[in-house]
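Q: I'm new to this one. Can you walk me through a few side chains?

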Amino acid sequence: LSFSPDSVILGKDKEVFLKLLSGEAVELSDPDGKATGMNLKIKLRATNKSTLDNKKFFNVRYSESRLELDNGTSITCETGDSLNPDAEASLDGTWEFVVPAGAKPSKLNLFYDGTRVGVAISLK
């Protein structure tokens with residue numbers, strides 16, 4: 001997978017810096033070879049931009065992200081890590097989506113504290 005942009009800033013105070021590190025998509029099929037969908041795994045890193053003197057805490061939850069598909073629908077993340085690093089620290093996590101057969105991912109929408117950023121996704 002490739003991401004554009006590969007990093008975003010979230011939060012009203014711009015305290016969340018998210019970097020999409022890598023992604024992989026695996027086509028799934030039944031025993032007869034018929035496509036059943038795609039397992040999409042995205043690795044990301046959250047950095048807390050607040051300082052030790054002015055600590056802000058946040059939690060970017062995988063369950064609040066939305067993956068837009070090329071057929072116009074959006075799906076939620078199946079499993080993942082919540083990202084809540086300490087001030088001036090980073091934390092890595094992995095989010096997994098199950099894309100239905102006949103669809104491809106087109107955009108990952110990320111939400112936090114009333115802010116929303118979309119990241120275009122394309123298959124390599």
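A: One term to start: partly exposed means a relative accessible area between the buried range, under 20%, and the exposed range, over 50%. Arg 61 is at 38%, so Arg 61 counts as partly exposed. Keep in mind that this is a predicted model.

Q: Which residue does Arg 61 meet in a salt bridge?

A: Glu 64. The N to O distance is 3.8 Å.

Q: What is the cut-off for a salt bridge?

A: The side-chain nitrogen must be within 4 Å of the carboxyl oxygen. The pair of Glu 64 and Arg 61 has 3.8 Å, so the pair counts.

Q: And how accessible is Glu 64?

A: Glu 64 has a relative accessible area of 34%. That makes Glu 64 partly exposed.

Q: How many salt bridges does the structure hold?

A: Five. Another of them joins Asp 6 and Lys 19, with 2.8 Å from N to O.

Q: Where do Asp 6 and Lys 19 sit in the chain?

A: Asp 6 is in the loop between strand E1 (2–4) and strand E2 (7–10). Lys 19 belongs to strand E3, residues 16–29. They are 13 residues apart, and the pair links distant parts of the chain.

Q: Asp 6 and Lys 19: buried or exposed, or something in between?

A: Asp 6 is partly exposed at 33% relative accessible area. Lys 19 is partly exposed too, with 29%.

Q: Next pair. What does Arg 45 form a salt bridge with?

A: With Asp 92. Their closest N and O atoms are 2.6 Å apart.

Q: How accessible are they?

A: Arg 45 has 33% relative accessibility and is partly exposed. Asp 92 has 42% and is partly exposed.

Q: Changing topic. Where is Ser 50 found?

A: Ser 50 lies in the loop between E4 and strand E5 (66–69).

Q: Why does Ser 50 count as buried?

A: Its relative accessibility is 6%, and buried means under 20%, so Ser 50 counts as buried.

Q: What does the side chain of Ser 50 have 3.0 Å away?

A: The backbone nitrogen of Lys 56. That distance is to a polar atom of the Ser 50 side chain.

Q: Which residues does Ser 50 touch?

A: Leaving out residues up to four places away in sequence, Ser 50 touches Glu 15, Lys 55, Lys 56, Ala 87 and Glu 88.

Notes:
Residues are numbered from 1 along each chain as its sequence is written. This is a predicted model: local features need pLDDT of at least 70, side-chain atom pairs count only at pLDDT 80 or more; totals for chains, interfaces and linings use all residues. Side-chain values use heavy atoms; hydrogens and water are left out. Helices (H or I, at least four residues) and strands (E, at least two) are DSSP runs, numbered from the N terminus. Buried means under 20% relative accessible area, exposed over 50%, partly exposed in between (1.4 Å probe, protein chains only). A polar contact is a pair of N or O atoms within 3.5 Å; within protein, one must be able to donate a hydrogen and the other to accept it, and residues adjacent in sequence count only if both atoms are side-chain atoms. Contact means heavy atoms within 4.5 Å.
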